[in-house]
Amino acid sequence: MTRRWLPVLLLAAACGGGSPGSAAPNENATTADGAVRQFLQAVADSNIARMARYWGGSKGPAGITGQPADYLQRMTVTQAFLRQSPYRVVAMNPIDKNRMVVTTEFTRGATTSTICKKNMDIEVRDLGAKYGWVVTSMDLNQVGAPSKPC
């Protein structure tokens, strides 16, 4: 019975086994769109720890504060929704001095006949010199489920 599971375990170990990855310290985003770009690059790289460095709340990045408690699950779902989706920043609109909405256009769909463009408003907040800009809010429903993106 153990032999039957050995290939599965080896494959899981080779793929990272669900490990969140690593994030380099002191990588603060200095601009609102920079935080979005860094976050989405981490999505593309399947680096959950790095995603959590650029996503969080008013007290800091989730990967540093550990809040919310379910942030790893949230990052995993976000990664599933957004990976393999080319994007571009199309607008930046200030909410107040320390918050901005970065409207980001995602190209969704697998074939030419199913490709569509979806915009998602991503809210970011400037947490100062200690953490820089971080993504604080996004609605994944705006881009559609991975199985039916268009």
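Q: Which residue is the bridge partner of Arg 88 in E4?
A: Glu 105 is that partner in this predicted model. E3 and E4 pair in the antiparallel sense over eight bridges.

Q: What makes E3 and E4 a pair?
A: Two strands pair if there are at least two bridges between them. E3 and E4 have eight bridges, so they count as paired.

Q: Why are strand E3 (87-96) and strand E6 (133-138) called edge strands?
A: The open sheet runs in the order E3-E4-E5-E6, with antiparallel pairing. Strands E3 and E6 each pair on one side only. The twist averages 30° from one strand to the next.

Q: What makes helix H5 (residues 71-82) a helix that packs on the sheet?
A: Helix H5 touches E4, E5 and E6. Contact means heavy atoms within 4.5 Å. The direction of H5 makes about 45° with that of E4.

Q: Why is Thr 114 called partly exposed?
A: Its relative accessibility is 36%. Buried means under 20% and exposed means over 50%. The value for Thr 114 lies in between, so Thr 114 counts as partly exposed.

Q: Where is Thr 114 found, and which residues does it touch?
A: Thr 114 is in the loop between strand E4 (99-108) and strand E5 (116-126). Not counting residues up to four places away in sequence, Thr 114 touches Arg 108, Gly 109 and Cys 150. Thr 114 and Cys 150 are 36 residues apart in sequence. Their C-alpha atoms are 6.8 Å apart.

Terms used. Residues are numbered from 1 along each chain as its sequence is written. This is a predicted model: local features need pLDDT of at least 70, side-chain atom pairs count only at pLDDT 80 or more; totals for chains, interfaces and linings use all residues. Side-chain values use heavy atoms; hydrogens and water are left out. Helices (H or I, at least four residues) and strands (E, at least two) are DSSP runs, numbered from the N terminus. Buried means under 20% relative accessible area, exposed over 50%, partly exposed in between (1.4 Å probe, protein chains only). Axes are lines fitted to C-alpha atoms, for helices over the stretch in contact, and angles run from 0 to 180 degrees between N-to-C directions.
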